[in-house]
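Thanks for making time for this.

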Amino acid sequence: MLINVPETVVADALRGIAAAHPDLTVDVENRLVVRRDAPVAGKVGLVSGGGSGHEPLHAGFVGPGMLSAACPGEVFTSPVPDQMVRAAAAVDSGAGVLFVVKNYTGDVLNFDMAAELAEDEGVRVARVLVDDDVAVADSTFTAGRRGTGATLFVEKIAGALADEGAPLEQVEAVARRVNESSRSFGVALGAVTTPAKGSPTFDLPPGELELGIGIHGEPGRERRPMMTSGEIADVAVHAVLDDLRPTGPVLALVNGMGATPLLELYGFNAEVRRVLSERGVPVARTLVGNYVTSLDMAGCSVTLCQADEEMLRLWDAPVRTPALRWGR
Amino acid sequence: MLDTDFFRRWMTATASAVDREADRLTGLDSAIGDADHGSNMRRGFGAVTDVLEKESPGTPGAVLVLAGRQLISTVGGASGPLYGTLLRRTGKALGDAAEVSLDELAEAFGAGVAAVAQLGGAKAGDKTMLDALLPAVEALGESVGAAGDAALAGALATVPLRARKGRASYLGERSIGHEDPGAASAALLVAALAEAAGTGDGGRA
């Protein structure tokens, strides 16, 4: 592993982000990455955060057109309320703050505590929960669906609307709509190694893959002998479409988990597109790359979002962050 | 009666136990979670030890409220808010008495555990820390030793259960056959009570 000691992995990365991106304010001690121009007058602040190990999510999405601030936790561990309260105070212009929260027990508890504390300090806070992973049954027997790839869609589209000066209620509403219109499914070809443990967190022998994995090295729901890229695309896209049942064009994110080369991801994207066209689903926009990762895990995920015209317009709007950058 | 120093010893003993058992907790978490429970608990209780030294709170309740706040501010994940709430609410229930009886501790700890159940939305048998804490509350009125034994037995009894809360719940049937890491760390916390009480008197002193 390319680290010094496990205890300083997150702080070391923050110092590196500061060195690479002078247009961000990085507070290493308090674990915050903030747009340098925050708070922007009249603009709703967008704050997200979560465990580290999913880079570029979330700090890589801070900047004009996307997040106002990100709070990185320890590896695979939700940040603490103090970070989120500080972030909210740093980005609130008086127009309020939207917390974008991935649906994990720890993230939900910490962001809820933070929302209460921030409101005590006079910041208006709304919260949107991202829960797009169809591999988890949304039932009383689970913690509910996990938040994965759709987080990128929510942060990009809500961030664009916030930059246009829309009020908190509208930014919250579009974020909710994007989440409700999105579904994901992930596959692991190899296990993940956390710095704290130093060895793979689950045992996945070569020649096997794990379907329906999350982004924290938690094992999936089903293990199978190795499949081809085309076979994996069949399973993943059908799983997403059978749940989403889109009636119009979709945004597609073909996401790498960290250790799968772009060459393979693009090949996989071709297979994803084949399945979508077999099912008669038009694709409005496609993004291929490592965006919502799981440290050194090999594998991929597919996220589809049925996008209406407003969502497409906001998707195309300019964005200037370390990891997503287009327009103007 | 249990004085402020007893509660400081309880927190220090928990910190040592968590430090000693961190690799085992992370190992349990690696089977059905995300392999960080040991390091998170070690970081949290290490910070608790530091802040108790620095601020010297003057009552049993103040020790636990400060410890709970520190856990919320340093642990993250689900464990931070849940353990933080457990200690903070137990401490609040103790009020500002300079010394408390074992029965008073049992009652306050029951209030703390109830707050954990409310925050996390879990109940007995969901394969969570509650499966160690609920039996401990029952046994605590008897002695701290009995509470430790009950918590340990409760943690081990999570092995055949299917997880319904937290990250292990994503595994469905595959969560069966593993001890819940949260229940295992909760058992360490309760067992540390006996250590704080010293051996032999079961905390009735």
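Let me begin with a convention: two residues are in contact if their C-beta atoms, placed from the backbone, lie within 7 Å. This is a predicted model, so please keep in mind that local features need pLDDT of at least 70, that side-chain atom pairs count only at pLDDT 80 or more, and that totals for chains, interfaces and linings use all residues. Residues are numbered from 1 along each chain as its sequence is written, while chains are lettered from A and ligands numbered from 1 in the order in which they are written.

With that in hand, in chain B, Asp131(B), Ala132(B), Leu133(B) and Ala136(B) of helix α6(B) meet Ala183(B), Ala186(B), Ala187(B) and Val190(B) of α8(B). Sorted by class, this contact has seven nonpolar, no polar and one charged residues, where Ala, Val, Leu, Ile, Met, Phe, Trp, Tyr, Cys and Pro count as nonpolar, Asp, Glu, Lys and Arg as charged, and the others, Gly among them, as polar. The axes of α6 (residues 130–140) and α8 (residues 181–197) of chain B come within 7 Å and cross at roughly 30°, which makes α6(B) roughly parallel to α8(B). Axes here are lines fitted to C-alpha atoms, for helices over the stretch in contact, with angles running from 0 to 180 degrees between N-to-C directions, and roughly parallel is the label for angles under 35 degrees.

Stepping back to the whole of chain B, its secondary structure comes to eight helices and two strands, helices being DSSP runs of H or I with at least four residues and strands runs of E with at least two, numbered from the N terminus. Along the sequence the pattern is β-α-α-α-α-β-α-α-α-α. The radius of gyration, taken over C-alpha atoms, is 16 Å for chain B, close to the 17 Å that the globule rule gives for 205 residues, so chain B is as compact as a globular protein of that length; that rule is 2.2 Å times the number of residues to the power 0.38.

Turning to chain A, we find it divided into domain 1 (6–180 + 313–326) and domain 2 (182–307), with bounds that come from an automatic or database domain assignment. The C-alpha centres of these two domains of chain A lie 23 Å apart, and their contact takes 25 residues from domain 1 and 31 residues from domain 2. On the domain 1 side, α4(A) gives the most, with four residues.

Chain A also has an open sheet of six strands, with the order β9-β8-β7-β12-β10-β11 and mixed pairing, two strands being paired if DSSP finds at least two bridges between them. Because β9 (222–225) and β11 (283–289) of chain A stand at the edges with a single partner strand each, one side of each is left without a neighbour in the sheet. Within it, β7 (residues 182–188) and β8 (residues 208–211) of chain A pair in the antiparallel sense over two bridges, and the partner of Val187(A) in β8(A) is Leu211(A).

Finally, how do the chains meet, and how many residues of chain B are in contact with chain A? There are 26 residues of chain B in contact with 31 residues of chain A, and α3(B) gives the most to the chain B side, with three residues. By class, that side has seven nonpolar, 13 polar and six charged residues.

Technical notes
Parallel < 35°, antiparallel > 145°, perpendicular 65-115°, else oblique.
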